[in-house]
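Please walk me through this structure stop by stop. I have the viewer open and want to know what to select next and what is there.

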Amino acid sequence: MTEVSVAKDDVPVTGDLVVLKSVNKHFGALHVLQDIDLTITRGEVVVVIGPSGSGKSTLCRAINRLETIDSGDISIDGKPLPQEGKALARLRADVGMVFQSFNLFAHKTVLENVMLGQIKVRKADKKVAEEKARALLDRVGVATQADKYPAQLSGGQQQRVAIARALAMDPKVMLFDEPTSALDPEMINEVLEVMQQLAREGMTMIVVTHEMGFARSAANRVVFMADGRIVEEAVPDQFFSNPRSDRAKDFLSKIL
Ligand code: ADP
Ligand code: MG
């Protein structure tokens with residue numbers, strides 16, 4: 001176990017939840033993840049930033065086993081990632097994932113989107129699943145949209161439904177891969193606010209984002225990636241005011 005620290009609003013952070021050890025991944029000749037060592041403790045919010053193509057999405061996908069790795073180990077809550085079958089489906093449910101493109105089921109209503117996984121993967125009773133879905137839709141502020149289809153919602157609303165859908169599985173950790181990058185500017189904050197709230201409630205989160213305001217206010221730690229490596233890790237204040245590496249300095253000078 002790594003050192004015990006205290007998250008925002010004094011939610012205690014104890015115990016390793018996601019552990020990557022010497023993870024390597026190639027796409028042909030491209031060494032996209034290079035000796036990645038990363039430990040995320042329970043309740044921690046880690047923001048991953050870095051230039052396009054640095055391997056951030058591949059890292060997220062590896063943690064959810066949407067991508068295989070070539071070498072190294074990944075474990076969630078002390079268990080190595082399962083290779084396939086039901087164990088893999090359960091793992092995916094333990095790791096909630098929210099993508100840049102909302103990926104809702106287009107032919108299902110908002111309510112059905114949030115009920116489906118509960119029934120299929122968690123074997124929940126239909127009535128129980130519906131109650132939980134309605135409560136979650138209320139929590140992310142889209143309760144009145146329950147009977148609509150995704151295409152009838154704004155991008156910001158769709159992304160909040162995607163968050164509710166992931167939360168319906170009671171995930172141990174939530175992965176967000178640039179959740180606001182595809183949104184119109186006026187919808188970014190409504191999604192970030194839901195994420196801020198989750199962070200305050202103590203959800204363990206890995207968030208790939210270029211929203212530096214979110215990183216400053218919600219993250220316990222910033223992980224900076226470049227060329228498939230973790231180049232630098234620091235608390236947000238330190239990272240933004242005093243980045244150590246030239247790569248991070250260069251990156252920050254372009255985005256801030
Ligand atoms: P980021 O999310 O930081 O922009 P990615 O993890 O998406 O980076 O991609 C890292 C590199 O891997 C990029 O050069 C990208 O083109 C390449 N890549 C990603 N997915 C694949 C794939 N399925 N096949 C081949 N190359 C890929
Ligand atoms: Mg990406």
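## Stop one: the ligand shell

Start with helix H1, which gives the most to the shell around ligand 1, with three residues. Keep in mind that this is a predicted model.

Now select the whole shell. Ligand 1 is surrounded by Phe-27, Leu-30, Val-32, Pro-51, Ser-52, Gly-53, Ser-54, Gly-55, Lys-56, Ser-57 and Thr-58. Colour these residues by class: four are nonpolar, six polar and one charged.

Next, show the polar contacts to oxygen atoms of the ligand. Begin with the backbone of Gly-53: an N or O atom there lies 2.7 Å from an oxygen of ligand 1. Move to Lys-56. A polar atom of the Lys-56 side chain is 2.7 Å from a ligand oxygen. Then pick Ser-57, where a polar side-chain atom lies 2.9 Å from an oxygen atom of ligand 1.

How much of ligand 1 does the protein cover? On its own the ligand has 560 Å² of accessible area, and the protein covers 58% of that.

Switch to a cartoon view. Two elements give two or more residues to the shell: strand E4 (30-41) and helix H1 (56-63).

## Stop two: the phenylalanine cluster

Select Phe-224, Phe-239, Phe-240 and Phe-251. Ring pairs link these four into a cluster. How many aromatic pairs does the structure hold? It holds three.

Take Phe-224 and Phe-239. Their ring centres are 6.0 Å apart and their planes meet at 35°, so this pair is tilted. A stacked pair would need planes under 30 degrees apart, and an edge-to-face pair over 60. Phe-224 belongs to strand E11 (residues 221-226) and Phe-239 to helix H8 (residues 236-241), so the pair ties together parts 15 residues apart in sequence.

Check the surface around them. Phe-224 has 0% relative accessibility and counts as buried. Phe-239 is buried too, with a relative accessible area of 0%.

Phe-251 sits in helix H9 (residues 246-255) and Phe-224 in strand E11, so the pair ties together parts that are 27 residues apart in sequence. Buried or exposed: which is Phe-251? Phe-251 is buried, as is Phe-224.

## Stop three: a charge over a ring

Jump to Arg-165 and Phe-105. The charged end of Arg-165 sits over the Phe-105 ring, 4.9 Å from the ring centre.

## Stop four: a buried asparagine

Select Asn-24 in strand E3 (residues 16-27). Its relative accessibility is 10%, under the 20% cut-off, so Asn-24 counts as buried.

What lies around the polar atoms of the Asn-24 side chain? Show the backbone of Ser-22 first: its oxygen is 3.4 Å from a polar side-chain atom of Asn-24. Then show Asp-35, whose backbone nitrogen lies 3.0 Å from a polar atom of that Asn-24 side chain.

## Stop five: a link across the sequence

Finish on Val-114 in helix H3 (residues 110-120). Val-114 is buried, with a relative accessible area of 1%. Val-114 and Met-169 are 55 residues apart in sequence and 9.0 Å apart in space.

How values were computed: Residues numbered from 1 in each chain as written. Chains lettered and ligands numbered in written order. Predicted model: local features only at pLDDT ≥ 70, side-chain atom pairs only at ≥ 80, totals over all residues. Heavy atoms only, no water. Near = heavy atom within 4 Å. Polar contact = N/O pair within 3.5 Å; in protein donor to acceptor, adjacent residues only side chain to side chain. Areas by Shrake-Rupley, 256 points an atom, 1.4 Å probe, with all protein chains shown as cover. Helix = DSSP H or I, 4+ residues; strand = E, 2+ residues; numbered from the N terminus. Nonpolar A, V, L, I, M, F, W, Y, C, P; charged D, E, K, R; others polar. Phe/Tyr/Trp six-rings, centres within 6.5 Å; stacked < 30°, edge-to-face > 60°. Buried < 20%, exposed > 50% of the residue type's maximum accessible area, 1.4 Å probe, protein only. Lys NZ or Arg CZ within 6 Å of the ring centre and 35° of its normal.
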